Amino acid sequence: AFLYKFAGYIEWPANAFPAADAPFVIGVIGSEEVATELERLVPGRSINNRPVAVRRLREGEPPKGAHIVFVGRGEPNVRAVVRAAQQNGSLIVTETERGLEAGSSINFVLVDDRVGFEVSLEAAERTGHRISSRMLAVARRVMGRS
């Protein structure tokens, strides 16, 4: 649900969508559980008046067309996936230790048995995204620009 909700707090680049009716695509790699949950959650829902589609990414598959790329704990090559997603202009969300340092814009963290998240403003800006101050206000940690 976080992934779906994050999208409403992100300003997307003008060229993020190839057509006015193009779907909002969430790509998932390294977590079958997250992909399954998203597929259950998103039917009939929209993000910025666009239908939502979930795409399961396979190892080595470029994330072309994915607006958000979620890299789960099960992905052994996080840095390679992050690099490919950056080249694609995707917003990258991870759930790994030191995910922001790997180039992710948003990284899930577990604190006191509760899920939170941290944000890298520099990584988000590198892929053309702006994150709302409302989202930054509830982040566990915000890394600024260098």
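Biologist: What are the ground rules for numbering and confidence?
Modeller: Residues are numbered from 1 along each chain as its sequence is written, and side-chain values use heavy atoms, with hydrogens and water left out. The model is predicted: totals for chains, interfaces and linings use all residues, side-chain atom pairs count only at pLDDT 80 or more, and local features need pLDDT of at least 70.

Biologist: Which residues touch the most other members of the largest nonpolar core?
Modeller: A nonpolar core is a set of buried Ala, Val, Leu, Ile, Met, Phe, Trp, Tyr and Cys residues joined through side-chain atoms within 4.5 Å. Buried means under 20% relative accessible area, exposed over 50%, and partly exposed in between, with a 1.4 Å probe and protein chains only. The largest core has 31 residues, and the two that touch the most other members are I68 and I106.

Biologist: How many residues make up the other core?
Modeller: Start from I106 in the largest core. Leaving aside neighbours within four places in sequence, I106 is in contact (heavy atoms within 4.5 Å) with residues including F6, L91, F117, I131 and M135. Apart from that core lies another, with V25, V78, V82 and A85 among its members. Its size is 12 residues.

Biologist: Within what arc do the buried residues of helix 2 fall?
Modeller: Helices (H or I, at least four residues) and strands (E, at least two) are DSSP runs, numbered from the N terminus. Helix 2 spans residues 32–41, and its buried residues are A35, L38 and L41. They line one face of the helix, because the directions from the helix axis to the C-beta atoms fall within an arc of 130°.

Biologist: Which residues are exposed on the other side of helix 2, and what covers the buried ones?
Modeller: The cover over the buried residues includes helix 1 (2–6), strand 2 (24–29) and strand 4 (50–56). On the other side, the exposed residues are E33 and R40.

Biologist: Which backbone nitrogen does the side chain of S31 reach?
Modeller: S31 sits in the loop between strand 2 and helix 2. It is buried, at a relative accessible area of 6%. Beyond its neighbours within four places in sequence, S31 is in contact with F70, G72 and E95. At 3.2 Å, its side chain reaches the backbone nitrogen of V34.

Biologist: How far apart are the closest N and O atoms of E32 and R56?
Modeller: A salt bridge is a side-chain nitrogen of Lys or Arg within 4 Å of a carboxyl oxygen of Asp or Glu, and the count here is 10. E32 and R56 form one of them. For E32 and R56, the closest N and O atoms are 2.1 Å apart.

Biologist: Which residues are linked in a network of salt bridges?
Modeller: R56 also forms a salt bridge with E39, with closest N and O atoms 2.7 Å apart. E39 lies in helix 2 and R56 in strand 4, so the pair ties together parts 17 residues apart in sequence. E39 is partly exposed at 34%, and R56 is partly exposed at 22%. The network links E32, E39, R56 and R58.

Biologist: What is the phi of N48, and what is that of R98?
Modeller: Most residues other than glycine have a negative phi. N48 lies in the loop between strand 3 (46–47) and strand 4, and is partly exposed at 45%. R98 lies in the loop between strand 6 (91–94) and strand 7 (106–111), and is exposed at 54%. Phi is positive in both: near 50° for N48 and about 65° for R98.

Conventions: A polar contact is a pair of N or O atoms within 3.5 Å; within protein, one must be able to donate a hydrogen and the other to accept it, and residues adjacent in sequence count only if both atoms are side-chain atoms.
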